[in-house]
Amino acid sequence: MLVEDGANQLIAQFGEEVEIISMGEGEFEDPSDPIYHSSAQTEGTSSTHKVRLYTTPSDEQLETYGFDEDTESMMYSTDDVADEGDKVKYEPGNTDWVVGRTETNQLGSGPYLRVYQLIGE
């Protein structure tokens with residue numbers, strides 16, 4: 001609970017609002033690498049969430065969550081806000097990403113923190 005409370009405090013104080021566009025179920029460009037949906041995929045629902053956003057994650061952060069070097073950004077939330085393949089839009093800087101992978105620091109009855117790998121679209 002301490003981790004979740006600390007994360008929520010950081011999100012409240014330093015969080016950024018992002019728009020998450022659910023891509024839902026559909027076809028992927030490469031089924032063995034389900035990040036990018038096919039061009040025929042229609043976008044699903046859109047919602048706005050306040051998350052902790054790292055636009056330049058450190059090597060240590062990438063290593064902690066097992067993300068590859070091609071990770072452009074990371075975000076975390078205590079809520080389940082996105083799935084692999086969903087689009088993430090961040091207005092300041094007019095930036096678009098795709099969720100590559102999600103990780104959690106689940107301990108006990110967690111998860112307390114959901115961490116999302118963001119890859120340039």
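**Exercise 1. Decide whether Lys87 is buried, partly exposed or exposed in this predicted model, and find its salt-bridge partner.**

*Solution.* 
Step 1. Start with the relative accessible area of Lys87, which is 19%.
Step 2. Compare that value with the cut-off: a residue is called buried when its relative accessible area is under 20%. Lys87 is therefore buried.
Step 3. Now look for the partner. The side chain of Lys87 forms a salt bridge with that of Glu121, with 3.5 Å from N to O.
Step 4. Lys87 belongs to strand 4 (residues 87-90), while Glu121 sits in the segment after strand 6 (114-120). They are 34 residues apart, so this pair links distant parts of the chain.

**Exercise 2. Find how many salt bridges the structure holds, and describe the pairs other than Lys87 with Glu121.**

*Solution.* 
Step 1. Take Lys89 and Asp96, whose side chains meet at 3.2 Å, N to O. Lys89 has a relative accessible area of 23% and is partly exposed. Asp96, at 28%, is partly exposed too.
Step 2. Turn to Arg101 and Glu103, which pair at 2.9 Å, N to O. Arg101 is partly exposed, with a relative accessible area of 24%, and Glu103 is partly exposed at 28%.

**Exercise 3. Work out which residues Glu103 touches, leaving out those up to four places away in sequence.**

*Solution.* 
Step 1. Locate Glu103: this residue is part of strand 5.
Step 2. List the contacts. Glu103 touches Tyr65, Phe67, Leu113, Arg114 and Val115.
Step 3. Pick Tyr65 and compare sequence with space. Glu103 and Tyr65 are 38 residues apart in sequence, but their C-alpha atoms are 6.6 Å apart.

**Exercise 4. Describe the largest pocket by its volume and its lining.**

*Solution.* 
Step 1. Think about the method: rolling a probe the size of a water molecule over the atoms shows where empty space is left.
Step 2. Note the volume, about 170 Å³ for the largest pocket.
Step 3. Find the lining, which has 13 residues. Tyr54, Gln61, Tyr65, Tyr76 and Leu113 are the ones nearest the centre.
Step 4. Sort the lining by class: eight residues are nonpolar, four are polar and one is charged.
Step 5. See where lining residues come from. Helix 1 (2-14), helix 2 (59-65) and strand 3 (73-77) each provide at least two.

**Exercise 5. Identify the residues with the most contacts inside the largest nonpolar core, then explore the surroundings of Val18.**

*Solution.* 
Step 1. The largest nonpolar core has 13 residues, and Val18, Met75, Val88 and Leu118 have the most contacts inside it.
Step 2. Strand 1 (16-21), strand 2 (46-54), strand 4, strand 5 (95-104) and strand 6 each give at least two residues to this core.
Step 3. Set aside neighbours within four places in sequence, and list what Val18 contacts: Ser47, Thr48, His49, Val51, Leu53, Met75, Val88, Lys89 and Tyr90.
Step 4. Look beyond this core. A second, separate core has eight residues, among them Ala7, Leu62, Met74 and Leu113.

**Exercise 6. Describe the setting of His49.**

*Solution.* 
Step 1. His49 lies in strand 2 and, at 23% relative accessibility, counts as partly exposed.
Step 2. Not counting residues up to four places away in sequence, His49 touches Glu16, Glu17, Val18, Ile20 and Val81.

Conventions: Residues are numbered from 1 along each chain as its sequence is written. This is a predicted model: local features need pLDDT of at least 70, side-chain atom pairs count only at pLDDT 80 or more; totals for chains, interfaces and linings use all residues. Side-chain values use heavy atoms; hydrogens and water are left out. A salt bridge is a side-chain nitrogen of Lys or Arg within 4 Å of a carboxyl oxygen of Asp or Glu. Helices (H or I, at least four residues) and strands (E, at least two) are DSSP runs, numbered from the N terminus. Buried means under 20% relative accessible area, exposed over 50%, partly exposed in between (1.4 Å probe, protein chains only). On a 1 Å grid over the protein atoms alone, a cavity is a set of points where a 1.4 Å probe fits but cannot get out, and a pocket is an open set with protein on both sides within 12 Å along at least five of seven lines; lining residues have an atom within 4 Å of a point. Grid points are joined across faces, edges and corners, and a volume is the space filled by probe spheres set on the points. Ala, Val, Leu, Ile, Met, Phe, Trp, Tyr, Cys and Pro count as nonpolar, Asp, Glu, Lys and Arg as charged, and the others, Gly among them, as polar. A nonpolar core is a set of buried Ala, Val, Leu, Ile, Met, Phe, Trp, Tyr and Cys residues joined through side-chain atoms within 4.5 Å. Contact means heavy atoms within 4.5 Å.
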